[in-house]
Amino acid sequence: MLEEVFKSGRLEMSATPLADLAGAGAWGDLTVNRILAVVAVGLMILSLPDLLRLVPHLLYSFDRSRGSVELEHSLGTARTRNVAALSFALPFCLLLDRYALVRPRFWEHIPASWSAPAVLGLLAAFLLVRLLCYALFRPRRLGSEEFATLKHLPYNYFILMATLTLLTAGACSVFGVPDGTVRTVLMWEIAAVWLFTWVRSGQFLAGHGIGFPTFLYLCGLEIIPAALLVAVVMFI
């Protein structure tokens with residue numbers, strides 16, 4: 001009787017792995033990515049105490065435009081913020097690479113094992129262009145402390161953005177959300193925080209007596225580096 005019951009059957013599951021799961025496995029199987037992931041986790045653990053001390057200041061800067069001014073006024077807090085932002089750079093770049101949020105046309109010439117380091121290089125290039133723009137288009141009406149506040153203001157929101165995107169990716173991974181959906185959610189989160197950063201920078205400039213030229217300074221200091229990055233990702 002048992003032989004008759006199990007004589008034949010039909011496989012209802014797909015014979016090939018799902019594309020999202022296959023992609024996740026391929027990315028995680030690369031030795032370079034594994035090493036960078038371990039380093040990223042170590043950095044996050046080491047920076048966790050500083051991050052917890054920064055949370056009230058970061059939330060205040062998110063809620064009030066003057067919060068960034070008060071944070072920058074405290075040299076110790078500002079230094080801790082800078083180190084925390086640097087610590088989040090590697091995990092954020094790994095997230096961008098894992099979900100293919102950065103894939104310029106020339107990426108096909110980059111070996112898979114060097115994709116994550118290439119994203120780090122792209123971020124470094126963006127920061128260098130931004131530093132150059134701040135050297136060329138520095139508003140004359142701002143003193144040294146005000147200029148440092150404007151220059152480092154995006155660091156506050158980068159930490160919040162990196163934390164949000166990492167938590168989103170982790171939650172989506174636990175619940176088995178497809179990579180395509182996760183990619184779309186992450187793109188909207190990054191775009192929203194980026195636009196909010198520009199709004200806060202514009203409010204800071206306008207609050208220091210820079211009226212009509214506010215948009216021009218904002219273009220020179222923040223929008224031009226971002227536009228160059230988007231152009232590289234989309235058209236090169």
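**Helix packing and salt bridges in a predicted model**

Residues are numbered from 1 along each chain as its sequence is written, and side-chain values use heavy atoms, with hydrogens and water left out.

Helix α7 covers residues 144-174 and helix α8 residues 179-207; helices here are DSSP runs (H or I, at least four residues), numbered from the N terminus. The two pack at an angle of about 160 degrees, with their axes 10 Å apart. The axes are lines fitted to C-alpha atoms over the stretch in contact, and angles run from 0 to 180 degrees between N-to-C directions. α7 and α8 are therefore roughly antiparallel to each other, a label given to angles over 145 degrees.

On the α7 side, the contact (heavy atoms within 4.5 Å) takes in residues including Leu150, Leu153, Tyr157, Met161 and Leu164. Among the α8 residues that take part are Val182, Leu186, Ile190, Val193 and Phe196. Sorted by type, the contact residues come out as 15 nonpolar, five polar and three charged. Nonpolar here means Ala, Val, Leu, Ile, Met, Phe, Trp, Tyr, Cys and Pro; Asp, Glu, Lys and Arg count as charged, and the others, Gly among them, as polar.

Turning to charge pairs, the whole structure holds seven salt bridges, each a side-chain nitrogen of Lys or Arg within 4 Å of a carboxyl oxygen of Asp or Glu. One of them joins Asp179 and Arg98 at 3.0 Å, N to O. That pair links distant parts of the chain, with Asp179 in helix α8 and Arg98 in helix α5 (residues 75-98), 81 residues apart.

Arg53 and Asp50 form another salt bridge, at 2.1 Å, N to O. These two sit three residues apart in helix α3 (residues 31-63), so about one helical turn separates them. Arg53 is exposed at 53%, whereas Asp50 is partly exposed at 21%. A salt bridge also connects Asp29 with Arg34 (3.6 Å, N to O), and Asp29 is exposed, with 53% relative accessibility.

Key:
Predicted model: local features only at pLDDT ≥ 70, side-chain atom pairs only at ≥ 80, totals over all residues. Parallel < 35°, antiparallel > 145°, perpendicular 65-115°, else oblique. Buried < 20%, exposed > 50% of the residue type's maximum accessible area, 1.4 Å probe, protein only.
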